[in-house]
Amino acid sequence: MGDKTALNQETKEAYSISGTSHILAVSGLHIGIIFQLIILLLGGKRRSKLTIILSTTIVWAYVIFIGFPASAVRAATMLSIYSLVLLSLRPDPTLNTLALAYVIMVLVNPLNIFDIGFQMSFLAVASILLFYPLFFNLLSSHSNIIRAIWGLFCVSLAAQIGTLPLIIFYFGRLSCYSLLTSFIAIPAATFILYLCALLFILSPLTYIPCLATAIEGLMQIVMNVLTAITQFINTAFKLTSMLPGASIEHIHLSLLQLLILYIAILAGYSALRKWYRVKEKEA
């Protein structure tokens, strides 16, 4: 539900130092997982108009239910535009889709452009759209497991390329193990949301007398698994935050330096694309 009132400062700091604080707030990661879960529950037809409309509607109902947090509204808006792309039977979203989402959200609330979360969300998605295909194609493997692990690494790396300069600019902190902790954070967040959804689905069944005992036993198992996962990631991130060089503090970037970093990132992207083109011609 996005309620962080029970988190103590020590836990929040551990997540921040380990570079995983983004999983504590309902954001694009969570909205995306919930959207995919709903599609799965509705039959898994990603291009079905009814499935997409119902999934998007349920996502917005969820955003309303948790009180319209800014990060969730941003994610739901982007997801709605993504859904329109799916319904139009066009290829998967590109930078044009992201630009459309940006324009709509700025028109609705011009102050969004000064919001840190807004800036980071769009930079993360833009960076993934640009760099992920290039990084993913660097490794050719027929193993689905290796491709899945490599894909997770590429998504995390691409997102961090886009957001790292901004994080340093605003917070003066560089989390040195964030790429490694993402291998724990993203799967854990996925499992937690899936298990919570399972509890939500099972709860009404406890009112059926002939099923109540069995369902309550199953729910207890699910809750035990949930507890184990959350305890594991809390411990893992606290230990990570205690490692030598876990974070570099008090880094100060000027606006000009920030701009130069992003110019360098775009130059690196351009060079990588040109290298791919040369490689394709040679092949």
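The expected span of a helix is 1.5 Å times one less than its number of residues. In this predicted model, helix H6 covers residues 116–136. Its 21 residues reach 28 Å from the first C-alpha to the last, close to the 30 Å expected.

**The chain as a whole**
- The chain contains 10 helices and 2 strands, which follow one another along the sequence as α-α-α-α-α-α-α-β-α-α-β-α.
- The radius of gyration is 21 Å, close to the 19 Å that the globule rule gives for 283 residues, so the chain is as compact as a globular protein of that length.
- Along the principal axes, the C-alpha atoms fill a box of roughly 65 × 50 × 45 Å.
- Buried residues make up 36% of the 283 in the chain.
- Among contacts with a separation of 6 or more, 67% join residues 24 or more positions apart.

**Helix H6**
- At the start of H6, a side-chain oxygen of Asp-115 comes to within 2.8 Å of the backbone nitrogen of Phe-118.
- Further along, H6 has a kink of about 35 degrees at Leu-130, shortly before the proline Pro-133.
- The buried residues of H6 include Phe-118, Phe-122, Ala-126 and Leu-130.
- An α-helix has 3.6 residues a turn, so residues three or four places apart point the same way.
- The buried residues of H6 pack against four partners: helix H4 (70–87), helix H5 (95–108), helix H7 (144–171) and helix H10 (255–282).

**Cysteines**
- A search of the whole structure finds 0 disulfides.
- Cys-176 is partly exposed, with a relative accessible area of 38%.
- Cys-196 is also partly exposed, with a relative accessible area of 37%.

Notes:
Residues numbered from 1 in each chain as written. Predicted model: local features only at pLDDT ≥ 70, side-chain atom pairs only at ≥ 80, totals over all residues. Heavy atoms only, no water. Bend = angle between axes of the 7 residues up to and from the residue. Buried < 20%, exposed > 50% of the residue type's maximum accessible area, 1.4 Å probe, protein only. Contact = heavy atoms within 4.5 Å. Polar contact = N/O pair within 3.5 Å; in protein donor to acceptor, adjacent residues only side chain to side chain. Disulfide = S-S within 2.5 Å. Rg over C-alpha atoms; globule rule 2.2 N^0.38 Å.
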